[in-house]
Amino acid sequence: MLTRPFWGYTSPWQEMNRLQREINRLFSDLSQGMVSTAPAYPAVNVWTNQEGVVVTAELPGINPDDLNISVLGNVLTLSGKREPEAIQEGGKVHRRERGYGQFTRSIQLPFDVDANKVEATYKNGVLTVTLPRLEEEKPKKIAVKAA
Amino acid sequence: MAMNAEMQAQQATKQEATESGVEQTRDRRVFVPRVDIYESGDDLIVVADMPGVDENNVDITLEQDRLTIVGRVDPVAPNGYTLAYAEYAEGDYRRTFTLSNEIDRDHIEATMSNGVLRLRLPKAAPAKARKIAVKAA
């Protein structure tokens, strides 16, 4: 886009204006998500109802002991690590697509949860965290009295 | 959001299977599992990430040199909750590989743990040259 010949323009000012437009366009593309960023890991699904939240995440091949789950107010933090496949000396790697390393992710929940009642299960590589809503945070029904 | 560079580089969103030439009989999305393949001694090791698949829901078939792995997912839907926000979709997994080495297909071992399938495919001993005796007619 910037390789158009300079001599196609009658004045340097026109060229400057063109450059300005190109730059503006580039930045508007940026804001529209043209440039992709690495997605957050792990990807999560969030399920809700009146009683609380359930957060699920696909985290295959993790030792449950290496998973750290903490809650502070309405923020759930998941962190852990996955070890790379141990390949013995002289082994030949044909393909390596599975990610490994450390991760930390904080998720803001729609309300404060009772940190003492949080439960987490890890089954078949899927983490499920159940976070009950704080009792005093729950919506209260207000009865309307007849005047 | 702190993340290891390697994890960042390698973890994209799940890749959906596009064309397999096989019609689906289940109304379910199909994803391509991420795999590591390496040789270890006389074995070929295939490691595949299939979160949500347990050992009873995985099928491995070897036909000629084509190795196909299929994992069926039982969707996780917490009872009484509605999905408020989704970053990943659930679906089955399917992937086919063409193996270049002759594999001893009677001794293939597969294990499944924490959503990771691990296949050990021992290479068959190289075919021995056979000497054919010529009989006098």
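**Group meeting: a two-chain model**

Okay, let's start with one pair: V55(A) sits across from V129(A), which belongs to β8(A). This is a predicted model, where local features need pLDDT of at least 70, side-chain atom pairs count only at pLDDT 80 or more, and totals for chains, interfaces and linings use all residues. On bookkeeping, residues are numbered from 1 along each chain as its sequence is written, chains are lettered from A and ligands numbered from 1 in the order written, and side-chain values use heavy atoms, leaving out hydrogens and water.

Back to the strands, which are DSSP runs of E, at least two residues, numbered from the N terminus. β2(A) and β8(A) run antiparallel, joined by seven bridges; two strands pair if DSSP finds at least two bridges between them. They're part of an open, antiparallel sheet of five strands, in the order β7(A)-β8(A)-β2(A)-β1(A)-β7(B). Its edges are β7 (119–123) of chain A and β7 (82–86) of chain B, each pairing on one side only.

What about V55(A)? It's among the residues with the most contacts inside the largest nonpolar core, which has 21 residues. By that I mean buried Ala, Val, Leu, Ile, Met, Phe, Trp, Tyr and Cys residues joined through side-chain atoms within 4.5 Å. Buried is under 20% relative accessible area, exposed is over 50%, and partly exposed is in between, with a 1.4 Å probe and protein chains only.

Now, the two chains together. The contact (heavy atoms within 4.5 Å) takes 48 residues from chain A and 49 from chain B. About 4300 Å² is buried between them, 53% of it from carbon and sulfur atoms; that's the accessible area, 1.4 Å probe, that two parts lose on being put together, summed over both.

How many salt bridges cross the interface of chain B and chain A? The rule finds six there, and it asks for a side-chain nitrogen of Lys or Arg within 4 Å of a carboxyl oxygen of Asp or Glu. Take E97(A) with R95(B), where the closest N and O atoms are 2.7 Å apart. This pair goes from the loop between β5 (92–96) and β6 of chain A to strand β8 (residues 92–98) of chain B. E97(A) counts as buried at 19%, and R95(B) does at 13%.

Last one, inside chain B: D43(B) bridges to R120(B), with closest N and O atoms 2.6 Å apart. D43(B) is in strand β4 and R120(B) in strand β10 of chain B, so the pair ties together parts 77 residues apart in sequence.

Technical notes: Helices (H or I, at least four residues) and strands (E, at least two) are DSSP runs, numbered from the N terminus.
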